[in-house]
Amino acid sequence: MTAAYLHAELRRTFRNRRFLFFSLGFPLVLFLTVAGANRSRSIEGIAFPLYYLAGMVSWGALIAVISSGSRISAERQLGWVRQLRTTPLRTRTYFASKILAGYLLALLTIAVLDLAGTGLGVRLDARQWATMTLLLLVGLVPFAVLGILLGHLLKPDSLGPAVGGTTSLLALLSGAWGPLSTGHAFVEATKALPSYWLVQSGRVAFGGSGWPPAEAWLVIGAWTLVLGRLAVLAYRRDTARVA
Amino acid sequence: MRPAEPRHGIVLEQLRKCYGPVEAVAGIDLVVTPGETVALLGPNGAGKSTTIDLLLGLATPDGGAVTVFGQPPARAVAEGRVAGMLQTGQLIDHLTVRELVALAASLYPHPRPLGEVLEVTGAAAFADQRTTKLSGGQAQRVRFALALVADAALLVLDEPTVALDVEARRDFWAAMRRVARGGTTVLFATHYLEEADAYADRIVLMAHGRILADGPATDIKARVGGRRIRATLDAVPLDELRRLPGVSGAERHGDAVALTCADSDLALRALLAAYPAARDLEVRGAGLEEAFFELVAEDDRTASGAPKATAHR
């Protein structure tokens, strides 16, 4: 039952062209145009395409997992979630299907962008690719939960702007689109965002500032717990509502 | 093979559910034995959908208890012993009809064969179309297929034929008959007396969150499905009219009298034989809404403690 639901969810995700275009196409187009135009430049001593690749990969993966979970909103409005509650399907399997679909889409985004990066001359060894990808996947956990939370809080018509706005703001604040000027207290504060560490995970690969374990794990763990708790509350409120 | 059924069917005891100040279900008692087909009949706002939500574990009671085959509804649902077709609910996109019904089948421990379900519901004709390309009637057939494929011991349907055309409605009930013959317990909500009469073994009449009547379809039909005769007729005491065969009640409106009839043919013949002066005759079915209204009014009078004898009909 679990495998069948996951399979159907993946099928639906990859048949949804509009969804694929925005989560995969956007970061890819941005990467190819911006990194392509600045191939010979470098930032903080790192070749620009490599630097920019880490940011775009994080941003694309972020969009993938948040928007996958937030699609619950539309399925709630359709009455599909209610229909599912009259079947033996467990809620956690339903949520897992959204998270898994988001992760697979994130992996696809990462793979496509990495290929594009290779095309623009980015060279990393297998160990660096693996470390970067693995840390990205860990850093995405709180955002997968955030997607499920948004899927319960928002109506489908406000979802597009909300998800677009949230992912863009997070990308900007976390340096996915380019470095923020350092030194300000404000910039230091962005380190409390899990997306900051998500972007940093990409930079580990090329020996940037790295990912100091304690702080990164703490931020990611705390956000996961808090968002998870909120998602559970939102789910309970949703299922108790007047029919 | 389906596991052996516990003997208890569905039991509702003093079941209550409030939404804010509204008591949607106001303390109902109901027992459905396995294999029965029961219609919940009532006008909009009678509490039928809320009762169904409670049966499916979609809502939790504010009082009383509900068990399905001896288990709490959520448990029975989790074990796949119950399947529901809700009144609202659209289909998810990016799947074909066949894929969607197969998905529903995969959720149950012993689903009905996919091909059979598509055939019986008439969804086979458009099984390879995407769910978003269907007409309203086709989508309704698919929603029925989603419930049917479960092969659950209890099938609960909330207004299953709303939005269906005549042909689809006929197909639907033909399929339901097959299912009921197979031993499935069926409970469906409707506001069509004809449907309840034609397809249920038993009708449970609801209004204002209460059960007003519960019994074999023929009994309930006689009670709410009566006709009215209207005639201009002076100076005949109402008591005399009430004693005519086939007449169950009489009222006067100026020169006219209105007779409520259990058997209008008999009443009409008797009326004309006894009072040839009766003119402007008019016979019409007492509408279901009207019949409900009367039953509810009767129920209210009983509830408020008025002695039955003074409650003239």
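Predicted model: local features only at pLDDT ≥ 70, side-chain atom pairs only at ≥ 80, totals over all residues.
I looked next at B:Glu99, which forms a salt bridge with A:Arg11, the closest N and O atoms being 3.6 Å apart. B:Glu99 lies in helix α3 of chain B and A:Arg11 in helix α1 (residues 2-15) of chain A, so this pair joins two chains. I checked accessibility: B:Glu99 is buried at 18% relative accessible area, while A:Arg11 is partly exposed at 31%.

I then turned to the interface of chain B and chain A. I counted 27 residues from chain B and 23 residues from chain A in the contact. The two chains bury about 2,400 Å² between them, 60% of it on carbon and sulfur atoms. I found 4 salt bridges across this interface. One that I looked up is B:Asp93 with A:Arg12, at 3.0 Å between the closest N and O atoms. On the side of chain B that touches chain A, α2 (73-78), β5 (82-85) and α3 (97-106) of chain B each supply at least two residues. I noted that α3(B) gives the most to that side, with 4 residues. By class, I recorded 15 nonpolar, 8 polar and 4 charged residues there.

B:Arg202 sits in strand β8 (residues 202-207) and B:Glu36 in the loop between β2 (22-32) and β3 (37-41), 166 residues apart. B:Arg202 is buried at 12% relative accessibility, and B:Glu36 is buried at 16%.

Last, I traced salt bridges that share partners: they join A:Glu9, A:Arg12, A:Arg71, A:Glu75, A:Lys98 and B:Asp93 into one network.

Definitions and conventions
Residues numbered from 1 in each chain as written. Chains lettered and ligands numbered in written order. Heavy atoms only, no water. Contact = heavy atoms within 4.5 Å. Buried area = accessible area lost by both parts, 1.4 Å probe. Salt bridge = Lys/Arg side-chain N within 4 Å of Asp/Glu carboxyl O. Nonpolar A, V, L, I, M, F, W, Y, C, P; charged D, E, K, R; others polar. Buried < 20%, exposed > 50% of the residue type's maximum accessible area, 1.4 Å probe, protein only.
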